[in-house]
Amino acid sequence: MSRPFVAILDDEPQIRAMLSEALTEAGFRTAAFARATEFEAALKSQTPDVCLVDLGLPDRDGLALVHRLALESGSAIIIISGRAQVQDRVTGLELGADDYIIKPFDPAEVVARIRARLRVARSRPEAHKTARFNGWTAHFDRYLLVAEDGTEVTFSHAEGEVLRLFLESPKRLISRQQMQESLGGAAGESFDRAMDVRISRLRTKLGEDPKNPRLIKTIYGAGYIFLGEVDWR
């Protein structure tokens, strides 16, 4: 089995060297970039399993890049940044990042977070790439929702993980703790708020009435229940 591939985007040479060394020793393949243009050019020929992205880039808005990657790349995205405010973390997660690590950090923590993301991905059965439910078809290999009338709606990698979690456990209560354990990432206020935003966006994309959603129901103080009938292909 090939070693997982991690792409590193950070304009600090010391950070790139430290992460490259730690990840190589941990058994990953790596490629490191100082500029977003180089990073994006490399992604045209190979899709990383995980992208580590700094927000303070010299040639591109880091958050805008994270959002585009979340919608288009199919890679898990982990932000590495010195921006430590809760709102910064929430914004990064809202825009599609899977995790957020604050500088300075221990390289061992980054390795552990990456392994957690990959465990989530590997726990998904490869055969289950398409699910039908309540007039929708979700294509997880293309990050695409297709309605009965042919209308297409894209979703991000992070939104797709939440949707898959619901579709794999229909009509069962999923608690916040279960979501955190299944999806990885650090528990806390930023994770909870990011989950709220992702679920809100999924409801909007599924045409749900925000005041009375039919498919994704909130059980206050307990978690969520997906009420649809699901057929995996």
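At 25% relative accessibility, Gly 74 counts as partly exposed, a class that lies between buried (under 20% relative accessible area) and exposed (over 50%), computed with a 1.4 Å probe on protein chains only. Gly 74 is placed in the loop between α3 and β4; helices are DSSP runs of H or I with at least four residues, strands are runs of E with at least two, and both are numbered from the N terminus. With neighbours within four places in sequence left aside, Gly 74 is in contact (heavy atoms within 4.5 Å) with Leu 69, Tyr 143 and His 157. The C-alpha atoms of Gly 74 and His 157 are 5.9 Å apart in space, while the two residues are 83 residues apart in sequence.

## Basis of the model

This is a predicted model, in which local features need pLDDT of at least 70 and side-chain atom pairs count only at pLDDT 80 or more, whereas totals for chains, interfaces and linings use all residues. Residues are numbered from 1 along each chain as its sequence is written, and side-chain values use heavy atoms, with hydrogens and water left out.

## Overall dimensions

The chain contains 8 helices and 12 strands. Its C-alpha trace spans about 50 × 35 × 30 Å along the principal axes. The radius of gyration, taken over C-alpha atoms, is compared with a globule rule of 2.2 Å times the number of residues to the power 0.38. For 233 residues a compact globule would have a value near 17 Å, and the 18 Å of the chain agrees with this.

Of the 233 residues in the chain, 50% are buried. Among contacts with a separation of 6 or more, 60% are between residues 24 or more positions apart.

## Strand β4 and Ile 77

Ile 77 belongs to strand β4 (residues 76-81) and, at 0% relative accessibility, counts as buried. Apart from neighbours within four places in sequence, its contacts include Cys 51, Val 53, Val 66, Leu 69 and Ala 70. Ile 77 also touches Gly 96, Ala 97, Asp 98 and Asp 99. Between Ile 77 and Gly 96 the C-alpha distance is 7.8 Å, with 19 residues separating them in sequence.

## Helices α2 and α3

Two packed helices are described by the angle between their axes and the distance between the axes. The axes are lines fitted to C-alpha atoms, for helices over the stretch in contact, and angles run from 0 to 180 degrees between N-to-C directions. The axes of α2 and helix α3 (residues 62-72) come within 12 Å and cross at roughly 5°. This makes α2 roughly parallel to α3; angles under 35 degrees count as roughly parallel, over 145 as roughly antiparallel, 65 to 115 as roughly perpendicular and the rest as oblique. From α2, Ala 36, Phe 39, Glu 40 and Leu 43 meet Leu 65, Arg 68 and Leu 69 of α3. This contact has 5 nonpolar, no polar and 2 charged residues, where Ala, Val, Leu, Ile, Met, Phe, Trp, Tyr, Cys and Pro count as nonpolar, Asp, Glu, Lys and Arg as charged, and the others, Gly among them, as polar.

Phe 39 is located in helix α2 (residues 36-43) and is buried at 0% relative accessibility. Beyond residues up to four places away in sequence, Phe 39 touches Ala 7, Leu 9, Phe 33, Cys 51, Val 53, Leu 65 and Leu 69.

## Helices α6 and α7

The axes of helix α6 (residues 157-168) and helix α7 (residues 176-183) come within 11 Å and cross at roughly 120°. The two helices are therefore oblique to each other. Glu 161, Val 162 and Leu 165 of α6 make the contact with Met 179, Ser 182 and Leu 183 of α7. These residues divide into 4 nonpolar, 1 polar and 1 charged. One of them, Ser 182, is 29 Å from Phe 39, C-alpha to C-alpha.

## Backbone exceptions

Most residues other than glycine have a negative phi, and most peptide bonds are trans. The bond between Lys 103 and Pro 104 is cis, with omega about -5°; Pro 104 sits in the loop between β5 (99-102) and α5 (107-122).

Asn 134, in the loop between β6 (130-133) and β7 (136-139), has a positive phi near 45° and is partly exposed at 41% relative accessibility. Lys 171, in the loop between α6 and α7, has a positive phi of about 60° and is partly exposed at 47% relative accessibility.
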